[in-house]
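Student: I would like to go through this protein step by step. Could we start with the terms and then work through the parts?

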Amino acid sequence: MASSDSDDKLPPQGRFTRLRKLAGLSAQLGADALKSGAKRLAGQDSELLTKGMAEKLVATLGDLKGAAMKFGQAVSMDPDLLTPEVRQVLARLQNQAPAMGYDTVARVIREELGAPPEALFREFDKQPLAAASLGQVHRAVLEDGRSVVVKVQYPGVGDSLQGDLDSLGMVVKTVSKASKAMDGTAYFQEVREEFLLELDYQREAQLCRGFAQSVSRLPDLKVPDVISERTAERVLTLELLEGQTLKDWVVTEPPPEERFRVARQLIRAIYGPFFCAGEIHADPHPGNFMVMKDGRLGLLDFGSIKSFSERFVDANRRMFIQAVNLQPLDILPLSLEVGFTLELPEAEAEELIHEVLRIVGRPMRSHAYDFATCEISRDMKRHFAKNAARFLKIRPPAEAIMFFRSTGGLAQNLRLIAASGDFRRVYQEVADLLS
């Protein structure tokens with residue numbers, strides 16, 4: 001990687017330029033979404049996104065980076081949401097992260113911490129270890145010999161992120177104005193606020209410390225220590241965790257017992273902190289989980305830790321315990337307590353939600369479940385497509401979006417690992433944490 005600032009491929013800064021790019025895309029996507037939605041409401045099977053529109057998305061979002069790139073990465077993770085051809089196109093976004101030259105990295109560190117990397121670290125690798133939508137990560141060594149990672153934010157990405165989110169919101173408004181039933185304004189606002197909060201690395205450091213407390217009862221999980229004296233608003237320094245990210249570990253073809261062990265850890269990493277402390281890791285990308293050399297599962301990237309209302313957690317906790325204990329579910333009362341609103345007869349709503357829980361709860365009811373042949377995502381897609389018009393009249397609370405993002409990502413990662421075994425026992429272990 002070149003070290004001069006002129007070689008940096010940073011996100012375009014001009015608000016008008018970014019707005020113009022996304023405005024045109026918004027109109028096309030809005031029309032595509034309305035056409036697809038109309039077919040679904042009429043009971044016809046229709047793809048959420050065509051390959052042609054996916055190509056346009058990649059061409060635009062790959063250039064803009066920021067929130068647009070985060071969106072593309074999230075969508076491309078779900079193997080059942082889109083066709084293989086469309087997913088292959090969108091997956092290119094995961095390899096289009098911008099890159100900063102070392103001069104820019106050093107300047108940001110100097111502005112934030114008051115000195116260049118050479119004065120703050122015994123060693124600092126000029127080549128990035130990893131890159132993401134909002135910043136890039138470098139390996140370093142502290143004066144006391146501890147190995148760390150230093151995340152440095154792209155200059156100007158805050159303004160770019162704000163502009164991208166405002167512009168992407170036009171897609172939501174276009175669809176919402178055309179159909180009240182498809183109004184996603186509240187959900188988009190929830191995601192928008194969470195993305196903007198990720199810009200503050202001091203906040204992320206605090207969330208990291210808090211999440212370490214949330215998983216303290218789970219010794220097979222590891223949250224890195226924060227190096228406070230080397231952390232600021234745009235620079236975050238954490239303990240280096242040794243191992244392989246989940247996406248790199250899977251391709252080594254680990255044996256069945258290792259697949260089950262890591263799958264068990266992933267389930268505990270998502271549901272344990274949620275039920276015990278009311279917060280969840282809401283960025284489920286497989287690059288954010290580390291299979292460590294000592295057998296623990298390391299957790300990375302804490303900007304998207306989401307805290308929930310006590311009402312939301314408590315109702316979900318009771319529904320989870322009922323499901324694990326194979327008891328009849330108080331579906332409607334608990335759904336309303338969580339914050340769902342209904343615009344159809346309660347009996348219809350209860351039937352639809354019960355089928356959702358029946359599908360997603362399969363691993364909880366089986367002592368021998370195989371995620372390699374798991375059809376939960378496929379069956380959920382069919383269930384929603386078959387009942388699209390009725391599901392639009394069942395609206396979850398806005399805070400549920402990040403919960404769905406996390407648990408949906410967990411399901412995708414479990415399928416990626418392709419583990420098999422007694423997962424009912426694993427979920428019972430989680431329930432035992434609550435006793």
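Tutor: A polar contact is a pair of N or O atoms within 3.5 Å; within protein, one must be able to donate a hydrogen and the other to accept it, and residues adjacent in sequence count only if both atoms are side-chain atoms. The model is predicted: local features need pLDDT of at least 70, side-chain atom pairs count only at pLDDT 80 or more, and totals for chains, interfaces and linings use all residues. Residues are numbered from 1 along each chain as its sequence is written, and side-chain values use heavy atoms, with hydrogens and water left out.

Student: With which side chain does the side chain of Lys151 make a polar contact?

Tutor: Lys151 lies in strand β4, residues 147-153; helices (H or I, at least four residues) and strands (E, at least two) are DSSP runs, numbered from the N terminus. Setting aside neighbours within four places in sequence, Lys151 is in contact (heavy atoms within 4.5 Å) with residues including Tyr201, Arg234 and Asp301. The polar contact from its side chain, at 3.1 Å, goes to the side chain of Glu204.

Student: Is Lys151 buried or exposed?

Tutor: Buried means under 20% relative accessible area, exposed over 50%, and partly exposed in between, with a 1.4 Å probe and protein chains only. Lys151 has 16% relative accessibility, so this residue counts as buried.

Student: In what order do the 4 strands of the open sheet stand?

Tutor: Two strands pair if DSSP finds at least two bridges between them. β5 and β10 run parallel with 2 bridges, while β9 and β10 are antiparallel with 3 bridges. β7 and β9 are also joined by 3 bridges, in the antiparallel sense. The pairing is therefore mixed, and the order is β5-β10-β9-β7.

Student: Which strands stand at the edges?

Tutor: An edge strand here has a single partner strand, so one side of it is left without a neighbour in the sheet. The strands in that position are β5 (221-222) and β7 (243-245).

Student: Which residues of β9 point the other way from Phe289 and Val291?

Tutor: In a regular strand the side chains alternate between the two faces of the sheet. Strand β9 covers residues 289-292, and these four side chains are buried. Opposite to Phe289 and Val291 point Met290 and Met292.

Student: Where is the kink in helix α11?

Tutor: Helix α11 (residues 256-277) has 22 residues and reaches 31 Å from first C-alpha to last. The kink, about 30° and shortly before the proline Pro273, lies at Tyr271.

Student: How are the rings of Tyr369 and Phe371 arranged?

Tutor: Rings of Phe, Tyr and Trp (its six-membered ring) pair if their centres lie within 6.5 Å; planes under 30 degrees apart count as stacked, over 60 as edge-to-face and the rest as tilted. The structure holds 20 aromatic pairs. In this one the centres are 4.9 Å apart and the planes at 70°, so the pair is edge-to-face.

Student: What percentage of the protein's residues is buried?

Tutor: The protein has 19 helices and 15 strands. Tyr369 and Phe371 are among its buried residues. Of the 435 residues, the buried share is 52%.

Methods. The expected span of a helix is 1.5 Å times one less than its number of residues. The bend at a residue is the angle between axes fitted to the seven residues ending there and the seven starting there.
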